[in-house]
Amino acid sequence: PPTIGVLALQGDIAEHLRVLGGLGVRTRSVLRADQLDDVDGLIIPGGESTTMSKLAVRYDLMDPLRKHVGEGLPVYGTCAGMIMLADRILDGTADQQTVGGIDMTVRRNAFGRQSESFEAQVGIDGLAGDPVEALFIRAPWVESIGTDTVAIGQVSSGDRAGRIVAVRQGSLLATSFHPELTGDARIHGLFVDMVKGQA
Ligand code: GLN
């Protein structure tokens, strides 16, 4: 089985490791650049993207992450992890860096404050079965995407209808929401298939 790492600087690391463990892949926490050589795929968890960005710089991980993304390492980012994968961000802090890789502009905290966290059903293109019960916690949305980026999930109803909340570009995947917290392993399953070259 492939080995999938979880970037362990900050955020809901354990939850991702648990979901991956249930899918029969090998897992490991990634805190050092050399550990990136030992994984076939990487998840960047939810958390706080400004803190994660600062820690990535401090741990000398920002450039190695960019290098591996550039070389085609499959990476899946949830929420703060989505922000980390965005080429451009809105409402970031002045010094906030991202790994980048996905040609998109992401707006931080777009859905409102922590107290305005909510769940919504989101249909994901290419995922069999019911829509995903998506949990948004101070979540970003995708404001715009480039020509090589595919929107695979949008909010379907309410005043946020049409907002892009899941995207894919080649071997990179990102969601505004947190499937690691809601017990639906299908998006992680899609990512495992991407790592195996089967999706
Ligand atoms: N609002 C957070 C940020 O900007 C992301 C929240 C999350 O990951 N649940 O990084």
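Helices here are DSSP runs of H or I with at least four residues, strands are runs of E with at least two, and both are numbered from the N terminus. The model is a predicted one.

**Whole chain.** Show the protein chain as a cartoon: it has 5 helices and 12 strands. Its radius of gyration is 15 Å, close to the 16 Å from the globule rule for 199 residues, so the chain is as compact as a globular protein of that length. Along the principal axes, the C-alpha atoms fill a box of roughly 45 × 40 × 35 Å. Of the contacts with a separation of 6 or more, 64% join residues 24 or more positions apart.

**Ligand shell.** Select G46, G47, E48, S49, C79, A80, I83, R108, N109, I137 and R138, the residues around the ligand. This shell divides into 4 nonpolar, 4 polar and 3 charged residues. Now select G47, E48, S49, R108, I137 and R138, which an unreviewed UniProt entry lists under "binding site". These positions are spread over 92 residues of sequence but cluster in space, with a largest C-alpha distance of 12.7 Å.

**E48.** Zoom in on E48, in the loop between β3 and α2 (49-58). Beyond its neighbours within four places in sequence, E48 is in contact with Q10 and A80.

**R108.** R108 is buried because 21 other C-beta atoms lie within 10 Å. Leaving out residues up to four places away in sequence, R108 touches S49, I83, I89, L90, D91, G92 and P140.

**Nonpolar core.** Buried residues make up 45% of the chain. In soluble globular proteins, nonpolar side chains tend to be buried together. The largest nonpolar core here has 60 residues, and L42, L85 and V165 touch the most other members. Select L85: apart from neighbours within four places in sequence, its contacts include I44, V75, V99, I102, L172 and A174.

**Helix α5.** Finish with α5 (residues 186-195), where I187, H188, L190, F191, V192 and V195 are buried. Which elements do these buried residues pack against? They pack against β1 (3-7), α1 (13-22), β3 (41-44), β4 (75-78), β8 (132-136) and β12 (172-175). After α5 comes G197, with a positive phi near 75°.

Notes: Residues numbered from 1 in each chain as written. Predicted model: local features only at pLDDT ≥ 70, side-chain atom pairs only at ≥ 80, totals over all residues. Buried ≥ 20, exposed ≤ 12 C-beta atoms within 10 Å, placed from the backbone. Contact = placed C-beta atoms within 7 Å. Near = placed C-beta within 6 Å. Nonpolar A, V, L, I, M, F, W, Y, C, P; charged D, E, K, R; others polar. Core = buried A, V, L, I, M, F, W, Y, C linked by C-beta atoms within 7 Å. UniProt positions renumbered as here; feature names shortened; annotations may be inferred. Rg over C-alpha atoms; globule rule 2.2 N^0.38 Å.
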